Amino acid sequence: MLDPFPFTAPCFLQRAVAPLADRLGSATLPLHVHEVIFAFTLYSLVGRVISPRLSAYLCPQTYPHLNKRTKINWDVHVVSLVQSIVICTMALWVIFFDQERADANWRGRLWGYTGAGGLLQAFAMGYFLWDLIMCAVHIDIFGWGMLAHAISAVTVFSLGFRPFVNYYGPIFLLYELSSPTLNFHWFLDKLNMTGSAAQLVNGVALMATFFFCRLVWGAWNSYLVFGDMWQAISHGNVNTHITTPELVSSGNVALDGGDTMFQSEMMRFAGKKEVPIWLMLAYFGANLVLNLLNYYWFGKMIETIRKRFDPPFGTKGTGATKEKTEVPLGDMAVESDLRIGRGVYANGRKSVEIEKREVRSRRNR
């Protein structure tokens with residue numbers, strides 16, 4: 001399937017990026033660099049302009065009163081929500097309608113290319129570059145785990161411009177099916193709907209989509225992609241280059257081992273290919289980091305969601321929490337350091353212990 005993006009990359013832009021593409025072995029990057037820039041610009045615009053204005057309009061009692069740190073986090077969640085909807089729609093469209101991709105054998109799954117797959121690759125790369133910059137600039141907010149995730153995602157999707165494992169691009173991007181519920185869970189907290197029925201329903205949907213999309217679907221397809229890589233290593237150098245005009249014009253070509261494949265565009269960047277050990281290790285390492293983080297986050301997610309709800313299924317009120325608030329009282333500012341310890345006895349009776357300290361200071365008029 002040809003690239004459905006409305007316009008091709010300008011020649012000057014292709015020439016500008018060609019040296020970098022040659023150095024990185026990214027043969028398809030010049031064809032899609034404008035789409036990477038478009039996606040990066042789109043998500044930057046959503047985060048910096050659209051989210052602040054739209055959020056202040058839709059949530060006037062919440063967003064304008066957030067501190068700077070939480071506003072940044074809010075805007076990032078808005079971008080993540082928009083991106084997950086866009087990329088999952090594109091991924092499902094490519095999976096269902098890209099016939100050349102559907103007819104690929106293991107060679108096509110490793111080295112095949114279609115314009116539609118390249119477009120999806122570019123949009124994903126644009127988002128993950130934006131995400132990498134945000135995680136690096138605001139590491140105090142998002143932490144080292146999110147930075148490692150962003151680096152791994154950029155590594156995996158940059159390899160796709162060789163082209164390499166483009167077939168699996170839309171498959172792994174369906175991880176993002178869990179992102180809308182994850183973002184809504186965060187928004188419900190900030191809208192003072194913690195522990196509500198809406199958050200309970202959303203929490204169940206979040207755990208279900210995260211478990212099946214990332215842990216089950218993701219782990220199974222990681223196994224499949226490394227199976228294809230092992231096939232390539234076992235075969236050594238594989239000649240996939242098309243040199244006979246008659247075979248090209250007929251649409252099919254016989255490859256070693258008796259396989260056939262559509263060749264209109266699928267293998268035009270393929271030649272005598274092999275999977276270098278460094279490439280397999282790089283992909284394996286990045287994929288392993290992403291999967292381990294998903295398992296870790298799933299455990300933290302269950303723990304976090306349970307804190308929103310009462311026993312027996314939840315853990316709300318069974319541990320000590322510390323809240324720090326500043327309450328304006330006339331010309332006095334009262335900073336309250338409040339420690340609340342809650343417990344539930346075996347007979348169901350609840351206990352509460354409260355320790356509170358106040359430090360008063362007179363404001364300057």
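Trainee: What should I know before I start?

Mentor: The model is predicted, so local features need pLDDT of at least 70 and side-chain atom pairs count only at pLDDT 80 or more, while totals for chains, interfaces and linings use all residues. Residues are numbered from 1 along each chain as its sequence is written, and side-chain values use heavy atoms, with hydrogens and water left out.

Trainee: How do I read empty space?

Mentor: Rolling a probe the size of a water molecule over the atoms shows where empty space is left. On a 1 Å grid over the protein atoms alone, a cavity is a set of points where a 1.4 Å probe fits but cannot get out. A pocket is an open set with protein on both sides within 12 Å along at least five of seven lines, and lining residues have an atom within 4 Å of a point. Points are joined across faces, edges and corners, and a volume is the space filled by probe spheres set on them.

Trainee: What volume does the largest pocket have, and which residues lie nearest its centre?

Mentor: Its volume is about 1000 Å³. There are 33 lining residues, with Asn73, His77, Met146, Leu182 and Trp186 nearest the centre. Two or more residues each come from helix H3 (68–97), helix H6 (115–137), helix H7 (139–159), helix H9 (179–190), helix H10 (197–235) and helix H12 (277–306). H9 gives the largest share, seven residues. Those helix names follow DSSP runs (H or I, at least four residues), numbered from the N terminus.

Trainee: How does that lining divide by class?

Mentor: Into 16 nonpolar, nine polar and eight charged residues. Here Ala, Val, Leu, Ile, Met, Phe, Trp, Tyr, Cys and Pro count as nonpolar, Asp, Glu, Lys and Arg as charged, and the others, Gly among them, as polar.

Trainee: And the second largest pocket?

Mentor: That one has a volume of about 340 Å³. Its lining holds 16 residues, and Gly47, Arg48, Ile72, Met134 and His138 lie nearest its centre. Helix H2 (29–58), H3 and H6 each give two or more, with the largest share, six residues, coming from H2.

Trainee: How many cavities of 30 Å³ or more does the structure hold?

Mentor: Two. The largest has about 260 Å³ of space, and of its 22 lining residues Val156, Phe157, Phe172, Tyr175 and Leu290 are closest to the centre. H12 supplies the largest share of that lining, five residues. The second largest cavity has a volume of about 80 Å³; its lining residues include Asp98, Arg101, Tyr113 and Met266.

Trainee: Now helix packing. What do I look at?

Mentor: Two packed helices are described by the angle between their axes and the distance between the axes. Axes are lines fitted to C-alpha atoms, for helices over the stretch in contact, and angles run from 0 to 180 degrees between N-to-C directions. H10 and H12 pack at about 165°, with axes 11 Å apart. H10 and H12 are therefore roughly antiparallel (the term for angles over 145 degrees). Their contact divides into 20 nonpolar, six polar and one charged residue.

Trainee: How do H2 and H3 cross?

Mentor: At roughly 115°, with axes that come within 9 Å. The crossing is right-handed (the near helix is turned clockwise from the far one by less than a right angle). Contact means heavy atoms within 4.5 Å, and the residues involved include Tyr43 and Pro52 of H2 and Trp74 and Gln83 of H3.

How values were computed: Angles under 35 degrees count as roughly parallel, over 145 as roughly antiparallel, 65 to 115 as roughly perpendicular and the rest as oblique.
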